[in-house]
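These are my notebook entries on a few sites I looked up.

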Amino acid sequence: MNVDAQSTVTLDGQFAREFPELAIHWQAEQAPDPQLAALNEPLATELGFDPEFLRSAEGLQLLIGTAPFNGSTPVAQGYAGHQFGSYSPRLGDGRALLLGELVNASGDLCDMHLKGSGRTPFARGGDGLAALGPMLREYLLSEAMHALGIPTTRSLAVVATGRPVRRETMLPGAVLTRVASSHLRVGSFQYARAMNDLDLLRRLADHAIARHYPAVAEAENRYLALFDAVVSAQASLVARWMLVGFIHGVMNTDNMTISGETIDYGPCAFMDVFDPGTVYSSIDETGRYAYGNQPAVAQWNLTRLAEALLPLLHADQERAVALAQESLGSFPRRYSAAWLSGMKAKLGLAADVDDKTATSLTDGLLTLLQQDRVDYTSFFRSLGTAARGNAGAAHSMFSDTTAFEIWLKRWRTLKPDAELMDRSNPVNIPRNHLVEEALAAATDGELGPFEQLLDAVTTPFEERHGLERYAAPAPETFGPYQTFCGT
Ligand code: AMP
Ligand code: MG
């Protein structure tokens, strides 16, 4: 692929062309004074851009959608969604635009998308804008997730617009340019279904198959196979969130992808001390999206997807329901298998250690972590050191060392592999106190702390000299922690 020295990257408008029912042609709002806050140079290169060009005044205009890409037909996408359990028939991109699709260096089709680019016909009461802090937060968290090997949308750039945004206070505004394997959501199918247009629903499902699950096109019942593939992708995704202590915070059906990528980083955060009831989001008053509820919520959301797809699954609706239920019923098994295999790696156990032993060991450990309010990430990393014979750091995290000592003995009989543990247990994650510090500094015009934190979390498994601060748990004085949606 040629690297783009000017603005020769061409976008396709496939979604806009194929789904006029789900797309409103729209333009990004002008920005008074665009200034680059973050640019993902490796990603830019993968997409065929010259990073130097993107840094230029002309490049910034492309990144925020105020100058057109070749072939670009920006649209606001329509979708519905269950928000905290209540159905909203018309959500859509209220402050976002799909610029179009391009093919990356690996030959994969991906979406270029803006967030914070101005009001659209889906904006309802919103101002269509985004503040710099929340856009840098999405950049940081999504790139950290990518570095952890977890499927996610990517962040290409954050550009400060020079337009202040009114929230509780006035804040600097910004646009995030993000890349995803697509922006098809559970809510996209709910929206298509609500239009009562079977042809549209079928075309949307065919589009999802071609884009994300081409292998299922040959299945006898391709739409059931599509649903089953999404169930499998989401079971694996949520297991991976759980293994690193990621809390999405707003798992509404409009924020769940068909591709199985993590999307829409709002009030998300990594868990500090291990507690399944952990909720950081200020708007999640009932704890619906608490850490420990995420697998059940994913299955609930998939049930909503099944409902949207029912007419495609079988002509006889009773039969369609039975088929959907059978696939949905496989979620807990698939989730548990992915979780246990990840837990075995975190504990340094060989894949052939029997599941019963591994489950009992894991359950026992998590109970101890919860009882003693132990920092989840630091503990697992220190357990790698314990596998090398030095359990001092792990010990020091417990007040009840007798119970932990008994657990350690059991674990050691299974001969844990310290190197496997180091590859499976991150040392650098976006810890809440560091994220807050970095975003507060960025809001005041100082990007250094953001850049240093980004550097640390994009090498999550490396213990780097001089970066010890990024590997330490939050100080006792930090918290109770709350996150905000950033809308
Ligand atoms: P979220 O749950 O943050 O992904 O957003 C839910 C819905 O609200 C989506 O339809 C968004 O496009 C819309 N939305 C969020 N913030 C704004 C805003 N500031 N202006 C307009 N629409 C917004
Ligand atoms: Mg959303």
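I began with the contacts of Asn255, leaving out residues up to four places away in sequence: Asn255 touches Arg185, His248, Val250, Ile263 and Asp264. I took contact as heavy atoms within 4.5 Å. This is a predicted model, in which local features need pLDDT of at least 70 and side-chain atom pairs count only at pLDDT 80 or more, while totals for chains, interfaces and linings use all residues. Residues are numbered from 1 along each chain as its sequence is written, chains are lettered from A and ligands numbered from 1 in the order in which they are written, and side-chain values use heavy atoms, with hydrogens and water left out.

I placed Asn255 in the loop between strand S10 (246–247) and strand S11 (269–270). Helices (H or I, at least four residues) and strands (E, at least two) are DSSP runs, numbered from the N terminus. A polar atom of the Asn255 side chain lies 3.0 Å from the backbone oxygen of Val250. A polar contact is a pair of N or O atoms within 3.5 Å; within protein, one must be able to donate a hydrogen and the other to accept it, and residues adjacent in sequence count only if both atoms are side-chain atoms.

Next I checked the metal. Asn255 (OD1) and Asp264 (OD) coordinate the magnesium ion, ligand 2, at 2.0 to 2.1 Å. Donors are N, O and S atoms within 2.8 Å of the metal (3.2 Å for Na, K and Ca); water is not among the atoms, so the site may look incomplete. Asn255 counts as buried because its relative accessibility is 11%, and Asp264 counts as buried at 11% as well. Buried means under 20% relative accessible area, exposed over 50%, partly exposed in between (1.4 Å probe, protein chains only).

I then turned to Asn40, in the loop between strand S2 (35–39) and helix H2 (41–46). Asn40 is buried because its relative accessibility is 7%. Its side chain makes a polar contact with the side chain of Glu143 at 3.1 Å and reaches the backbone oxygen of Ser155 at 2.9 Å.

For ligand 1, I found 18 surrounding residues, Gly92 and Arg124 being among the closest; near means a heavy atom within 4 Å. An oxygen atom of ligand 1 is 2.5 Å from a polar backbone atom of Gly92, and an oxygen atom is 3.0 Å from an N or O atom in the Arg124 side chain.

Last, I looked at H9 (residues 294–313), where 14 of 20 residues are buried.
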